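Please look over the sequence and the fold shown below before reading the notes that follow. They are arranged by topic, from the whole chain down to single positions.

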Amino acid sequence: APNISVAAVQADLNQLQSIATANGGNRAHGRPGYLASVNWVKSKLDAAGFVTRVQSFTNGGATGYNLIADWPGGDPNDIVMLGSHLDSVTAGPGINDNGSGSASNLEVALAVKATGFKPTKHLRFGWWGAEERGLIGSTFYVNSLPAAEKSKIKAYLNFDMTGSPNPGYFVYSASGQPSGSLKLQQTLQAGFTALNVQTELTSVGGRSDHAAFARAGIPIGGTFTGAEGTKTSAQAAKWGGTAGQAYDRCYHRSCDTTANINATALDRNADVIAHALWTTAA
Ligand code: PHE
Ligand code: ZN
Ligand code: ZN
Ligand code: ZN
């Protein structure tokens, strides 16, 4: 798997920050910064040769958008999907939540093109709208798929908050939530082990977009660097950072800017995403 350039992920985060700043300070559902974010990600994918589509839905009286990108080729009956929500809360620009996962998935997608990866399986990427309003976009997408299309998605990997400033290194627990995949869990753990990073398992339950896929019986996995929870002293001993403080003190706040990112966590997670995609789809 390629080593994803953290500088490229950070450049994408700068772009998302600029989009928020130019649009009233956020990238929230129903606000202009959200559609601008979609259009910007879409343009990068289109230029790389992805087949993209924007799926619209309505929530709270406003139109929302999912961006779906397919990489041509691979077994159409054996799809590996990566996803992340692209919307922020209204309070701020949402750079860790969830510019981080969105930009990392984007750079992993672009690396497919750049490296000439020829996966056995078909690759699909999703950027979800209105996650912050109750997993609306991802749920709409899954519900929009006929049963035959749902059953072609053999794995869904979710990345929501991968650059927390006081990071933990959490992998979604296969046994801790519906449709958790032990294989995906172990693949993600192996990615961190290759970087000499210790991980903990976490049960994120229904707190992010994997939940819609899980409900449809699709095997799921993901990584997470923590939100409002507090880092313990044992965690600070193995991961560094500050015990007794939140993983992300700017969670859902106006200070979730490009300053609210730990570049090491961002880089490690991007590299682990690439490792997981290359391993799962080869
Ligand atoms: N989905 C939550 C949010 O966007 C954050 C979160 C991500 C929680 C992953 C748990 C696991 O606010
Ligand atoms: Zn890297
Ligand atoms: Zn959030
Ligand atoms: Zn989130």
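Two residues are taken to be in contact, or to touch, if their C-beta atoms, placed from the backbone, lie within 7 Å. This is a predicted model, in which local features need pLDDT of at least 70 and side-chain atom pairs count only at pLDDT 80 or more, while totals for chains, interfaces and linings use all residues. Residues are numbered from 1 along each chain as its sequence is written, and chains are lettered from A and ligands numbered from 1 in the order in which they are written.

**Overall fold**
- The chain holds nine helices and eight strands, where helices (H or I, at least four residues) and strands (E, at least two) are DSSP runs numbered from the N terminus.
- Its radius of gyration, 17 Å, is close to the 19 Å that the globule rule gives for 282 residues, so the chain is as compact as a globular protein of that length; the radius is taken over C-alpha atoms, and the rule is 2.2 Å times the number of residues to the power 0.38.
- Among contacts in the chain between residues at least 6 apart in sequence, 78% join residues at least 24 apart.

**Burial and core**
- Buried residues, those with 20 or more other C-beta atoms (placed from the backbone) within 10 Å of their own, make up 54% of the 282 residues.
- In helix 3 (residues 95-115), 17 of the 21 residues are buried, so this helix is largely enclosed by the rest of the structure; just after helix 3, G116 takes a positive phi of about 70 degrees.
- A nonpolar core is a set of buried Ala, Val, Leu, Ile, Met, Phe, Trp, Tyr and Cys residues joined through C-beta atoms within 7 Å, and the largest one has 72 residues, with V108, A109, Y156, A270, I273 and L277 having the most contacts inside it.
- Helix 9 (residues 263-281) gives the most to this core, with nine residues.
- Leaving aside residues up to four places away in sequence, Y156 touches M81, G83, H210, F213, I218 and I220.

**Position C250**
- C250 is found in the loop between helix 8 (233-239) and helix 9, and C250 is buried, with 20 other C-beta atoms within 10 Å.
- The C-alpha atoms of C250 and G94, which are 156 residues apart along the chain, are separated by 9.4 Å.

Definitions and conventions: A residue is buried if 20 or more other C-beta atoms lie within 10 Å of its own, exposed if 12 or fewer, and partly exposed in between; C-beta atoms are placed from the backbone.
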